[in-house]
Amino acid sequence: MKHLFLSALSLLTACASTGATADPVFFLNGEVRQGEMLFGFATPESKVTVNGDTLNPRKDGWFALGIGRNDDGKLKFEIEKDGKIFTRSFTIQPRKWRIQRIDGLPQNTVTPTPEEEKRIAAEMVMARDARQKNVDMEMPLCFSMPAQGRISSVYGSQRILNGVPKTPHNALDIANKEGTPIIAPADGIVLLVHDGMFLSGKTILIGHGQNVVTSYIHLSQINVKEGQNVKKGEEIGKIGMTGRATGPHLHWVVSWKNKRVDPSVFLKNSEKFCPVQAEK
Ligand SMILES: [Zn+2]
């Protein structure tokens, strides 16, 4: 399957570079549905917009595009090449989400005081600003799991904390014992390091280019500094339970612009770009 995908890809890329008058090549790797991170391709040097927003493809034509958990309606693409405009339209498919009840959290983290609310809001702005920092690199296409462990909470669940409905869980939780290494899932640049956010505890944000950012939350240890380049597979920190957590786990967020996407689906779509492993 991977072989097929990659050979189709090289064929399309070859066509794209020779057919000067041909229509541009355009396709999406992934499903157009809530929480998805799509990897799309458009003939290099075309201008691509979706619902009026300009996308930012790599030089070879690949781009990332996130769809939020609650997004609906259509994605209308315009691909402009050599003065001609081509359009493609897709309807965002809905997904069903789990409901997850968690009791026994310290009540002050579920209903913070006004002072704490202020701190949480300021830390959210800090993270949002970090996500918008310019990342001077092209996004790698092959990402891997950042830590080993048990998936203790999936993306999208509606959370009811101590009986109170809260914002959905927009991340993947990987539970393992404190001190378990966390590695960079792909090359990137460290956008933010924080030693103790109210909810997130010790936190790292890594930019990978093409507006893709990954976040690492509740760590017990941080091994990197802001502005540092990290290589895929490099240890960036260790699993912990700092901030709001009931046990040691990595709360892993994958985002595109300010949309959080499903990390499992992101990895699945990304896997197709990973070099084919030696078969057993
Ligand atoms: Zn989590």
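The model is predicted, so local features are taken up only at pLDDT of at least 70 and side-chain atom pairs only at pLDDT 80 or more, while totals for chains, interfaces and linings use all residues. Residue numbers start from 1 along each chain as its sequence is written.

The protein chain splits into domain 1 (2-91) and domain 2 (99-271), with bounds that come from an automatic or database domain assignment. Taken over C-alpha atoms, the centres of the two domains sit 28 Å apart. Where they meet, 18 residues of domain 1 are in contact with 21 residues of domain 2 (contact: C-beta atoms, placed from the backbone, within 7 Å). On the domain 1 side, strands S2 (37-42) and S5 (62-66) each give two or more residues, and S5 gives the most, with five. Strands here are DSSP runs of E, at least two residues long, numbered from the N terminus. That side of domain 1 has eight nonpolar, six polar and four charged residues (nonpolar: Ala, Val, Leu, Ile, Met, Phe, Trp, Tyr, Cys and Pro; charged: Asp, Glu, Lys and Arg; polar: the others, Gly among them).

Strand S16 (residues 212-219) is mostly covered, with eight of its eight residues buried (20 or more other C-beta atoms within 10 Å of a residue's own, all placed from the backbone). S16 pairs (at least two DSSP bridges between the strands) with S15 (residues 201-209), antiparallel and through six bridges; isoleucine 204 has tyrosine 216 of S16 as its bridge partner. S15 and S16 make a hairpin with two residues between them, and glutamine 210 in the turn has a positive phi of about 55°. S16 also runs antiparallel to S20 (residues 249-256), again over six bridges, with isoleucine 217 bridged to histidine 251 in S20.

Conventions:
Two residues are in contact if their C-beta atoms, placed from the backbone, lie within 7 Å. Helices (H or I, at least four residues) and strands (E, at least two) are DSSP runs, numbered from the N terminus. A residue is buried if 20 or more other C-beta atoms lie within 10 Å of its own, exposed if 12 or fewer, and partly exposed in between; C-beta atoms are placed from the backbone.
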